[in-house]
Amino acid sequence: MSIIVKHLSFVYNPNTPFAKKALNDINLVIEDGDFFGIIGHTGSGKSTLVQHFNALIKPSRGNVRVDGMDPAEKGADLRELRSNVGMVFQYPEYQLFAETVFDDVAFGFRNYYKRSKKELKRDPDRFKAETEERVREAITMVGLDYEKIKDKSPFDLSGGQKRRVAIAGVIVMRPKILVLDEPTAGLDPRGKAEILRLLHELKKNYCPTIVMISHNMNEIASNCNKIAVISEGKIICVRSPQELFSDDELIREKGIEVPEAVRLFKLLRQKGISFDRLPFNAEEAAGLLFERLKEEGKYA
Amino acid sequence: MLRDVAFGQYYPVDSYVHRLDPRVKLILVVLFIAAIFLSSSWAALGACALLLLFGVAFSRVAVSKVLKSIKPILFLIIFSAVLNLLFYREGTPVLSFWIIQITDRAIRFTVLMAVRLSMLIMGSSLLTLTTTPVALTDGIESLLKPLKAVRFPVHELALIMSIALRFIPTLMEETDRIINAQKARGADFESGNIVARAKALLPILIPLLISAFRRANELSDAMDSRCYTGSKGRTKMKKLKVTYRDHIALFVSLNIMAFIIIDKVMALFPAI
Ligand SMILES: Nc1ncnc2c1ncn2[C@@H]1O[C@H](COP(=O)(O)OP(=O)(O)OP(=O)(O)O)[C@@H](O)[C@H]1O
Ligand SMILES: [Mg+2]
């Protein structure tokens, strides 16, 4: 399932003194199987852009096609679209509301299922069984113990657990594309790493396409295969991490932060030790250095 | 978007009226409302309208914006106009059919009331359009100061008001976000009967309430850790000051209002 954005512009509060052009002629293709990163300074329009992907916002100009369908068209099935494009907002744990974790996670599935109300009336037992199966699947998928947690109040969980429950509440709809707005914001390093590991699991086994907004360049560089840089409502470029972080001029011009490993390797280059590839995290950096040392025979 | 109906309708331009002292504006609005209800002749109403016109002209607020402020109470105006027209019985009938009788005085009274109500709303929205909520609470606090003599907690009241005002946009934003997040999970707020719709609001209201409490806690912690103790010995960053602008505005308005009062007195005692 792909997302194609063409000439998309969006204005908040049009025709008022508060009018704010948040997106300006965006063109973008997100292909099946991408782990797509979106970076940009605060207020650059990242969140506004992704909310177009499941028609929470309608374009002021241009269009968005998800799987060939334009959600802004009349008669588009928004519920279907929203179950296909799962959206995890920033700080999703603030949207928990139900009495139990089970009910909160089930919310999305039940809403989705409501469409076939007749079917539901005909066979309520099957609906119940199916709900349970899907909730179990989603909770297990985010790495929590279903039996232990299902009857707890979501408000009694730790921050990291809450976030997992919130993510489970989205993937319970079995989305084909998962969009996450700063999924690791506000978590400690371990929580961050766990969420990222979870995303890789999800991508491998569950929803093949992931779109992630993040301010953390280490995360973006080591996880995404494509990165879009957005600045003041415009797409500056879409590149692979290698291309993006090798482009010193662009990095300087747009004030893009670089991952720590990249910074280290650029310092090495200044000292005359250059590599044909950049590492994006500590393991990769260590790997490259190790190889080089072995090549030079300084390490047996 | 929810934000559109937000009541924080401050119109951000710089103008003569925007720069007036909020206390002066508050007093003028109160006087204006009193003047409107004192006016019973067309000349007096005309004077009120002139005052309003001055206000709008010197505020640089779009006229459409001021007119739109009537919209929420348009129904009320029309409803009361219909009642006035039908049930005001004095005067000579000009139109009568079936059981309905409309008199000349009824028409006059109906128009008078409708004009009064519209001007009242426009006048008071001009205040909120040209004064930031913060300035407004500052003004109210300052005007209520005499009540301190009877131990009325003026400062605390003002603080509550400004905190409430400060958090309205934040909560609006939060509501927007939560609505979107639940919509993304397939929530449907539009279909079903009243019960179903009310129930559909729970996934919005509960997170909103929780976050409001969270914010309240955070805010009180922040105030405590900055040693906030209330009004005693507090100074203000922006001191309210009455300037020549306020003098001019007061002078013009009071003259017009004097005219209205004289007009009223003359109507009551035609002998003078
Ligand atoms: N509901 C809204 N009403 C009006 N303006 C808005 C609204 N939401 C966002 N904006 C404005 O649109 C612009 C883009 O906002 P957006 O939230 O998309 O930025 P962002 O890139 O996600 O930033 P961040 O990294 O801080 O999350 C900003 O200038 C913001 O002030
Ligand atoms: Mg954002």
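Hi everyone. Let's begin inside chain A, where the centres of domain 1 and domain 2, taken over C-alpha atoms, are separated by 34 Å. One thing to keep in mind as we go: this is a predicted model.

So where does each domain run? The assignment for chain A puts domain 1 at 3–258 and domain 2 at 259–300. Where the two touch, domain 1 of chain A contributes twelve residues and domain 2 of chain A contributes ten residues.

How much area do these two domains of chain A bury between them? The value is about 910 Å², with 50% of it on carbon and sulfur atoms. On the domain 1 side, please find A:Asn218, A:Gln242 and A:Val258 on your screens; these lose the most area to domain 2 of chain A, and together they make up 53% of what that side buries.

Two salt bridges are found across the interface of domain 1 and domain 2 of chain A. If you'd like a pair to look at, take A:Arg269 and A:Asp248, whose side chains meet in a salt bridge at 3.1 Å, N to O.

Which elements give two or more residues to the domain 1 side? They are α9 (217–223), α10 (241–246) and α11 (248–254) of chain A. By class, that side of domain 1 of chain A has six nonpolar, four polar and two charged residues.

Let's move on to the contact between the chains. Here chain A brings 23 residues and chain B brings 20 residues. Chain A and chain B bury about 2100 Å² between them, 61% of it on carbon and sulfur atoms. Which three residues supply more of chain A's buried area than any other three? That would be A:Tyr94, A:Gln95 and A:Phe97, with 26% of the area that chain A buries against chain B.

Between chain A and chain B there are two salt bridges. A:Arg79 forms a salt bridge with B:Asp188, and their closest N and O atoms are 3.2 Å apart.

On the chain A side, α2 (78–84), α3 (101–113) and α7 (159–171) each give two or more residues. The largest share, four residues, comes from α3(A). Sorted by class, the chain A side that touches chain B has twelve nonpolar, eight polar and three charged residues.

Note on methods: Residues numbered from 1 in each chain as written. Chains lettered and ligands numbered in written order. Predicted model: local features only at pLDDT ≥ 70, side-chain atom pairs only at ≥ 80, totals over all residues. Heavy atoms only, no water. Domains from an automatic or database assignment. Contact = heavy atoms within 4.5 Å. Buried area = accessible area lost by both parts, 1.4 Å probe. Salt bridge = Lys/Arg side-chain N within 4 Å of Asp/Glu carboxyl O. Nonpolar A, V, L, I, M, F, W, Y, C, P; charged D, E, K, R; others polar.
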